[in-house]
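Here is a short report on one protein model.

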Amino acid sequence: MDFKLNGKRALVLGASRGLGAASAILLAEEGASVVAASRSGALPQGLPEALGKRVTAVRLDLEDPASVETVKQTLRDNPVDILVNNCGGPKAGPAWGQSTATWQAAFMAMAAPVFDITDAALAGMTENGWGRIITIGSSGIEAPIPNLALSNGVRGAMAGWSKTLAGEVASRGVTVNMVLPGRIATDRVAELDAGKAEKTGQSVEAVREASRATIPAGRYGKPEEFAAVVAFLASEQASFVNGSMIRADGGMIRSI
Ligand SMILES: NC(=O)c1ccc[n+]([C@@H]2O[C@H](COP(=O)([O-])OP(=O)(O)OC[C@H]3O[C@@H](n4cnc5c(N)ncnc54)[C@H](OP(=O)(O)O)[C@@H]3O)[C@@H](O)[C@H]2O)c1
């Protein structure tokens, strides 16, 4: 299927590796010109050489207001059609006993800059009457993950924001959706599994086996399987999908 992304311009946040990188690469494969933003300013890991001309990398630290401001200014000068919001994951920990400062820091690292950058991107999208805002969330929004209170809480706020925004801009040709990863095999997930193995004294393979057992598909997802959902939501064909949260989890979330 031709997603009709030729000539579209995309900004992907957190795009040097993992889910962001896979999304940036697939959007470029589908014909979009992609700006890949991350703290390192590195090109998406695994970017095929043939796509090099379609992807540029910029530095962006979502935790640094000056860096966010620079990206907002760039968006004013160079509007995009597609924005993929992504961020680093916060530290693990329980809900009980988190300080207000910790909650504030997590919100300021994940939600606030995404809201801010989206507002800047919306100016051009609403003017052109076409736009796609796609925010990467987590299965923890629908089924809160034990000991990931900061992620569950802040991403829950992002889900409320995304749905509200979807109702505000749809009549201007802009769709706003989220994609919820379950367990996708990225560097971050490998690091989390290794950390859990160290903490519990299990082997990494035992940790992975226990994790796989919770997924009806019996395996972790591949970043490109996740990116396929992002690319669909960015497509012309997804024009009537708005305010949705689409799971890419192999059936891991058990609720309807
Ligand atoms: N993979 C999964 O199965 C899964 C499941 C649920 C939720 N998630 C969430 O989905 C998001 C992406 O996951 P992932 O597995 O792809 O993670 P990842 O492999 O750690 O990649 C995170 C990306 O974000 C960038 N980044 C991190 N902090 C940043 C910051 N302050 N400013 C700008 N860019 C930043 C990183 O690049 P630099 O280091 O170069 O900045 C990297 O490109 C995370 O929030 C994660 O918690 C993932």
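## Fold and overall shape

The protein holds 7 helices and 7 strands. Both are DSSP runs numbered from the N terminus: helices are H or I with at least four residues, strands are E with at least two. Along the sequence the pattern reads β-α-β-β-α-β-α-β-α-β-α-α-α-β.

This is a predicted model: local features need pLDDT of at least 70, side-chain atom pairs count only at pLDDT 80 or more, and totals for chains, interfaces and linings use all residues. Residues are numbered from 1 along each chain as its sequence is written, and side-chain values use heavy atoms, with hydrogens and water left out.

How does the radius of gyration compare with that of a compact globule? A compact globule of 256 residues would come near 18 Å, and the protein has 18 Å, which agrees. The radius is taken over C-alpha atoms, and the globule rule is 2.2 Å times the number of residues to the power 0.38. The C-alpha trace spans about 55 × 40 × 35 Å along its principal axes.

Buried residues (under 20% relative accessible area, 1.4 Å probe, protein chains only) make up 48% of the 256 residues.

## Domains

Domain bounds come from an automatic or database domain assignment.

| Domain | Residues |
|---|---|
| Domain 1 | 9-184 + 223-246 |
| Domain 2 | 185-220 |

The two centres, taken over C-alpha atoms, are separated by 25 Å. Contact means heavy atoms within 4.5 Å. By that rule, 11 residues of domain 1 are in contact with 13 residues of domain 2.

How values were computed: Buried means under 20% relative accessible area, exposed over 50%, partly exposed in between (1.4 Å probe, protein chains only).
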